[in-house]
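Open the model in your viewer and keep the selection panel at hand. Each stop below says what to pick and what to look for.

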Amino acid sequence: MAGKMLIIGAGLTGLSTAFHLEKMGGIDYSVYEKEKRVGGLCRSEYKPCPGLKGKFTFDILGHLLHLKEEYTIGLVRRLLKENLTTDIPRDSWIYSKGVYTRYPFQANTYGLPPKVVKECVFGFISAKYHSLHCKTRPPEGSFYNWILQNFGEGIAKHFMIPYNQKIWTVHPRDLTCGWIKVNPKYVPSPNIQEVVIGALEDQKKHFGYNVRFDYPRRGGIQKLPDAFEAKIKNLELNTNFSRVNIRKKVAYFDGGKIEEKFRFLVSTVPLPELILEIIEDVPEKVKNAALKLKYTSVLSLNLGIKREEMDHGHWVYFPEKEYLFYRVGFPKKFSDEMCPPGTSSVYVEIAYKPEPITQEKEEKFVARAKKNLVKAGILRTEREILVEHRERIAYAYVIYDRNRDRNLKIIQDYLKEKDIYSVGRYGGWKYSTMEEAILEGKEVAEKLVSEL
Ligand SMILES: Cc1cc2nc3c(=O)[nH]c(=O)nc-3n(C[C@H](O)[C@H](O)[C@H](O)COP(=O)(O)OP(=O)(O)OC[C@H]3O[C@@H](n4cnc5c(N)ncnc54)[C@H](O)[C@@H]3O)c2cc1C
C-alpha cells in the first residue's frame with residue numbers, strides 16, 4: 001500500500017529523511033516545521049552591530065562537524081561545496097584552579113598545583129591497579145562508579161564529578177553509562193603512560209572522538225541545513241504539528257487549520273511533547289513512561305566582542321561551581337568570517353534543570369556569566385561586549401538515568417505499532433551528533449520505502 005509520509009521537524013534528522021526520500025524519487029512526502037527557518041539546533045542568527053560593516057554569525061550552540069563515516073563526509077562536502085573548511089585540528093582547554101590546561105583533563109594535568117597533580121596521577125594508577133587485580137568484573141554500575149574505576153579519585157574530584165554534575169544537572173551517581181556506550185570515545189581513556197607524561201609535560205597529543213572537525217567557511221552551521229533545504233521540494237515552515245488522531249491516521253497542524261492523512265509519520269518532536277501533548281488517547285502506561293523521561297535545558301548566550309583576537313583556542317570547559325557555565329567557545333577560531341572585521345565573539349553554555357526560567361532569573365544568569373568571563377580572563381571588561389543574542393534550549397541533553405531505557409522501550413513499542421517513527425536526538429531520546437542525525441534520516445527513509 002502506497003501513501004503519504006509525513007515528516008515533522010526540519011532539523012538535520014527530518015531534513016535528511018526528506019532528502020533521501022526525494023533522492024529515491026516518486027515518494028509522496030511533506031515536511032512540517034514550526035519555526036520560520038530550517039535547522040533545529042543547527043540554526044544560526046545573523047546579528048548586525050551599529051557602526052560595523054557586516055554581521056556577527058551566532059550559532060545557537062557550538063556546532064562542529066565531527067564526521068567519521070565516508071558516506072556523511074562525502075555528502076556534507078557535496079552539499080557545502082567550497083563553503084567548508086575541513087580537518088581543523090581541535091584546540092580545546094579546561095579552566096580550573098586558576099589555570100588553563102589542555103583537554104582532556106585526565107591526560108593533561110601539567111600546570112595544575114602539584115597537590116592536585118599528585119592526587120590525579122596516584123588516583124589513576126591506583127584505579128588501574130585495582131582493575132588489574134580485581135578478578136571479578138565490576139557490576140553494571142552508575143556513571144559515578146565508571147568514573148572511579150577508570151580514572152580514580154583525584155580526577156573524579158577535580159574534574160569528572162563537578163563537570164558532569166554541571167552539564168547534566170544531576171550527580172553522576174544518578175546516571176548510567178548508557179550515553180558512553182553509544183561511543184566510548186565520548187570520554188577519552190588515556191593509558192598510565194599518557195597520564196604520567198601529561199602530568200610532567202605539556203603533552204600535545206590528541207585524544208577522543210572529536211580531534212578534528214569540519215566547519216562552514218561562511219554563514220555558520222546554518223549553511224548545512226540550508227543546503228539540505230535547497231534539495232527538498234515539499235517543506236512547510238511556520239507550521240506547528242499540534243495533534244494526531246492515530247486511529248484515523250490524520251495529523252493536524254496549527255490547531256487544526258491544516259489536516260494531512262498519512263501512511264507513516266516520522267517525528268523529531270521531543271518525545272515527552274509527542275506523547276503528552278500531541279497524540280490523542282495515549283494509554284496511561286505510555287503516558288506514565290513519558291513523564292519519567294528526564295532532560296536538561298541550556299541557555300545559550302552569544303556575545304559580539306570589540307577585540308580582534310581571543311586567546312583561548314576553540315573552546316574551554318569549566319568544571320568549577322563558581323563559574324556558571326560549563327563551556328565557552330570562540331567562533332572566530334572556527335572561521336574568520338563569523339565576525340565583522342576588527343571584532344571577535346564568544347558563546348557561553350549554561351545548563352539548568354528544565355523548570356521554565358523567569359526573565360528575572362535569565363537576567364541573573366546572563367549578568368553572572370559576563371562577570372565570570374571577566375574573572376576567567378576571557379573578557380578584559382564587560383565594556384568589550386558590543387551585541388548579544390540569547391536562546392533558551394528547552395531540550396538539550398537527555399538524562400541517561402536508570403529509568404530511561406525501560407520507559408523509552410514502552411513508548412517506542414507503542415509508537416511502532418501505530419506507524420510512527422520517533423527519531424533524532426529528542427524523538428529517539430538520546431545523546432547523538434549531527435552525523436548520526438544525517439545517517440538516521442537516511443536509514444529511516446530506506447526503511448519506510450521498503451515497507452510501502
Ligand atoms: C549543547 C549542544 C551542543 C551540540 N554540539 C554538537 C556538535 O558540536 N557537533 C555535533 O555533531 N552535534 C552537536 N550537538 C547535537 C546536534 O545538535 C543534534 O544531534 C542534531 O542537531 C539533532 O537534530 P534533530 O533533527 O534530531 O533535532 P532538532 O535539531 O531538535 O530538530 C527538531 C526540529 O523539530 C521541530 N519541531 C519540534 N516540535 C515541532 C512541532 N510540534 N511541529 C513542527 N516542528 C516541530 C523543531 O523546531 C526542530 O526544528 C549538540 C547538541 C547540544 C544540545
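**Before you start.** This is a predicted model, where local features need pLDDT of at least 70, side-chain atom pairs count only at pLDDT 80 or more, and totals for chains, interfaces and linings use all residues. Numbering starts from 1 along each chain as its sequence is written, and side-chain values use heavy atoms, with hydrogens and water left out.

**Stop 1: domains.** Colour by the domain assignment: domain 1 is 5-43 + 222-294 + 403-451, domain 2 is 92-209 and domain 3 is 295-398. These bounds come from an automatic or database domain assignment.

Now select domain 2 and domain 3. Their centres, taken over C-alpha atoms, are 25 Å apart. Their contact (heavy atoms within 4.5 Å) draws 17 residues from domain 2 and 22 residues from domain 3. How much area is buried between domain 2 and domain 3? The value is about 1,800 Å², with 61% of it from carbon and sulfur atoms. Buried area here is the accessible area (1.4 Å probe) that two parts lose on being put together, summed over both.

**Stop 2: H9 on H11.** Select helix H9 (residues 284-291) and helix H11 (residues 404-417). Helices (H or I, at least four residues) and strands (E, at least two) are DSSP runs, numbered from the N terminus. The two axes come within 8 Å and cross at roughly 135 degrees. That makes H9 oblique to H11. Angles under 35 degrees count as roughly parallel, over 145 as roughly antiparallel, 65 to 115 as roughly perpendicular and the rest as oblique. Axes are lines fitted to C-alpha atoms, for helices over the stretch in contact, and angles run from 0 to 180 degrees between N-to-C directions.

Show side chains next. Lys-285, Val-286, Ala-289 and Ala-290 of H9 touch Asn-407, Ile-410, Ile-411 and Tyr-414 of H11. By class, the H9 contact with H11 holds 6 nonpolar, 1 polar and 1 charged residues. Ala, Val, Leu, Ile, Met, Phe, Trp, Tyr, Cys and Pro count as nonpolar, Asp, Glu, Lys and Arg as charged, and the others, Gly among them, as polar.

**Stop 3: H8 on H11.** Leu-271, Leu-274 and Ile-275 of H8 meet Leu-408, Ile-411 and Leu-415 of H11. The count is 6 nonpolar, no polar and no charged.

**Stop 4: H1 on H2.** Select helix H1 (residues 12-24) and helix H2 (residues 70-80). Their axes are 14 Å apart, at about 85 degrees. That makes H1 roughly perpendicular to H2. Phe-19, His-20 and Lys-23 of H1 contact Tyr-71, Leu-75 and Leu-79 of H2. The classes are 4 nonpolar, 1 polar and 1 charged.

**Stop 5: backbone.** Most residues other than glycine have a negative phi, and most peptide bonds are trans. Centre on Lys-97, in the loop between strand S6 (92-96) and S7. Phi of Lys-97 is positive, near 50 degrees. Then go to Pro-104, in the loop between strand S7 (99-102) and helix H3 (114-133). The bond from Tyr-103 to Pro-104 is cis, with omega about -5 degrees.
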